[in-house]
Amino acid sequence: MPLILQPGTTLVAATHNPGKAKELVALLDGRFTILSAGELGVPEPDETETTFVGNALLKARHAAHLSGRIALADDSGLSVTALDGGPGIFSARWAGPSRDFYAAMAKVEERLIETGSDDRSAWFTSALAVAWPDGPAVVVEGRVDGELTFPPRGDRGFGYDPIFIPAGHGLTFGEMDPAQKDALSHRARAFEMLKAALF
Ligand code: IMP
């Protein structure tokens, strides 16, 4: 059976974050009706895998299994070369329960100083998974490379945006026009791959 998504299908976004569910609707050009796992009362699983792809698949499969509908999940984060790819899948967790990304960015800077390395290269990853309730699934991964800068600059993005300058640009993601960031981000690249795979 080819894995094709028909426009108008109702998808479950495997997230309890209404902002993320809305972003997924926008990235899919409004082609689908999206319900969030939160709205359906589907609990979030523990992210026990060791890769972005693994965690995206785990979340999509869990939501598809419990809701009986096709489910879409993402997992993303910042990886720093000199930190052996950290914070990576722990990007959200470095911000702690209060989701303080200024503290998380300070932690990245401290850890970098501790390594003694002057390598500031880093990349964002976005893994997107779609799972069907009867088993099959598709997963893709988008990436954008760049350099870290300290102190953080700009307040237009979220998370680690203020310390990340994408390769070939001078502004951080936090300073960029959101439309410019969306055009080159890891998430946009992953969505292009997902659309190519499923539509
Ligand atoms: P997730 O919700 O488990 O995928 O956590 C991803 C975390 O990675 C977020 O909380 C952000 O801190 C970080 N992250 C992912 N994508 C971006 C981005 O585009 N800009 C800044 N931070 C990001």
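Here's a quick look at the ligand site and the strand pairing in this predicted model.

**The ligand site**

Let's start with the ligand, which sits in the largest pocket. A shell of 16 residues surrounds the ligand, and the closest are Lys-20, Phe-101, Asp-161, Lys-181 and Arg-187. Sorted by class, that shell has six charged, five polar and five nonpolar residues.

| Residue | Protein atom | Ligand atom | Distance |
|---|---|---|---|
| Ser-76 | polar backbone atom | oxygen | 2.9 Å |
| Tyr-160 | backbone N or O | nitrogen | 3.1 Å |
| His-186 | side-chain N or O | nitrogen | 3.1 Å |

How much of the ligand's surface does the protein bury? On its own the ligand exposes 490 Å², and the protein buries 92% of that.

As for where the shell comes from, strand 3 (71-80) and helix 6 (186-198) are the elements that give two or more residues. Strand 3 has the largest share, with three residues.

**The strands**

Now for the pairing further along the chain. Strand 5 (residues 121-131) and strand 6 (residues 137-148) run antiparallel, joined by eleven bridges. Within that pair, Ala-129 stands opposite Val-139 in strand 6.

Strand 6 has another antiparallel partner in strand 7 (residues 164-166), and three bridges join them. Here Gly-146 has Pro-166 in strand 7 as its bridge partner.

Methods. Residues numbered from 1 in each chain as written. Predicted model: local features only at pLDDT ≥ 70, side-chain atom pairs only at ≥ 80, totals over all residues. Heavy atoms only, no water. Near = heavy atom within 4 Å. Polar contact = N/O pair within 3.5 Å; in protein donor to acceptor, adjacent residues only side chain to side chain. Areas by Shrake-Rupley, 256 points an atom, 1.4 Å probe, with all protein chains shown as cover. 1 Å grid on protein atoms, 1.4 Å probe; cavity = no way out; pocket = protein on both sides within 12 Å on 5 of 7 lines; lining within 4 Å. Sits in = over half its atoms within 2 Å of the grid points. Helix = DSSP H or I, 4+ residues; strand = E, 2+ residues; numbered from the N terminus. Nonpolar A, V, L, I, M, F, W, Y, C, P; charged D, E, K, R; others polar. Pairing = 2+ DSSP bridges.
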